[in-house]
Amino acid sequence: MTREDDKPAGKVPEPTLRRLPWYLAYVKLLKGYGETFVSSTRIAKEIDIDASQIAKDLSYVNLSGKTRVGYEINALIGTLENFLGFASQHSAFLFGAGRLGAALMRDSGLIQYGLNIVAGFDIRRKVVGSTVAGIPVFHMNSFQEKQKLYGATVGIITVPVEEAQRVAEGILAGGIRALWNFTPFRIHVPDGVVVQNTSIYAHLAVMFNRMEKING
């Protein structure tokens, strides 16, 4: 089983993979300002990460800066987007079109990073048959039929926690092998399945705990 929590992707350490999108977002801003080069020192100052760490992270994607000049921004953006998979489009199904699910369906920024939510699935009558930001919502029972039509490669899980495992198993039975799990439940999957767990509640716990330490 391949889990984002358990092991790095290939030879690139997990912390590096988490930092690379931060660098990408910042240099995209610089490009919008008309700038053409950026140093690791400047990125470090903005992102609050040591410059030597940034240089090491970028070395994993075969990028090295020029002395006294830095990195060429267009080349940096192109290389990072390709490496992170943002340059390719990945079709996704979303399961559980509630408030969180609907918010993700409305997030037009996801497509800029390679994720295209093409359909949502739910079981509630008031939701099935509707559209969210132009994306159709179908009944869960039609998943396998729609999978033949759309050929989604990613399944996004935003269902109630008690339904997470059952829904995940149904998604995998339909042929999808990459799951983005927004529930606090750690779903169990067979080998060969990629799971990315994104628990909003876990991040809240960390934030609240740090607040208590600061205020205490």
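Helices here are DSSP runs of at least four residues, numbered from the N terminus. With that numbering in hand, let's walk through this predicted model, beginning with a pocket.

Helix 5 gives the largest share of the lining of the second largest pocket, namely three residues. Helix 5 covers residues 99-106, and it is joined by strand 5 (115-122) and helix 8 (164-173), each of which supplies at least two residues of that lining. In total, 22 residues line the second largest pocket, and those nearest its centre are Gly96, Asp122, Thr158, Val159 and Pro160. The space inside comes to about 310 Å³.

Now step back to the whole chain. The protein chain has nine helices and 10 strands. Its C-alpha trace spans about 60 × 50 × 35 Å along the principal axes. The chain has 216 residues, and 40% of them count as buried.

Let's turn to the charged pairs. Side chains of opposite charge can pair when their charged atoms come close. This structure holds six salt bridges, and three of them are worth a visit here.

Start with Asp57 and Arg19, whose side chains meet in a salt bridge with an N to O distance of 2.7 Å. Asp57 sits in helix 3 and Arg19 in helix 1 (residues 14-32), so this pair ties together parts that lie 38 residues apart in sequence. Both Asp57 and Arg19 are buried.

The next bridge brings you back to the pocket. Asp122, one of the residues nearest the centre of the second largest pocket, forms a salt bridge with Arg124, and their closest N and O atoms are 3.0 Å apart. Asp122 counts as buried because its relative accessibility is 6%, and the cut-off for buried is under 20%. Arg124, in contrast, is partly exposed, with a relative accessible area of 34%.

Glu163 counts as partly exposed at 28% relative accessibility, while Arg166 is exposed, with a relative accessible area of 52%.

Next, have a look at the surface. Leu100, Ile200, Tyr201, Leu204, Met207, Phe208 and Met211 form a nonpolar patch there, and together they have about 630 Å² of accessible area. Helix 9 (residues 200-215) gives the most to this patch, with six residues. Tyr201 is in helix 9; its relative accessible area of 53% makes Tyr201 exposed, since exposed means over 50%.

Finally, two backbone details in loops deserve a glance. Asn62 has a phi near 60°, a positive value in a residue other than glycine. You will find Asn62 in the loop between helix 3 (51-59) and strand 3 (71-72), where Asn62 is exposed with a relative accessible area of 73%. Ala133 is not a glycine either, yet its phi is positive at about 55°. Ala133 belongs to the loop between strand 6 (131-132) and strand 7 (135-139), and at 55% relative accessibility Ala133 counts as exposed.

Methods: Residues numbered from 1 in each chain as written. Predicted model: local features only at pLDDT ≥ 70, side-chain atom pairs only at ≥ 80, totals over all residues. Heavy atoms only, no water. Patch = residues over 30% accessible without salt bridge, like charges linked within 9 Å, V, L, I, M, F, W, Y side chains within 5 Å. Areas by Shrake-Rupley, 256 points an atom, 1.4 Å probe, with all protein chains shown as cover. Salt bridge = Lys/Arg side-chain N within 4 Å of Asp/Glu carboxyl O. Buried < 20%, exposed > 50% of the residue type's maximum accessible area, 1.4 Å probe, protein only. 1 Å grid on protein atoms, 1.4 Å probe; cavity = no way out; pocket = protein on both sides within 12 Å on 5 of 7 lines; lining within 4 Å. Points joined across faces, edges and corners; volume = space filled by probe spheres on them.
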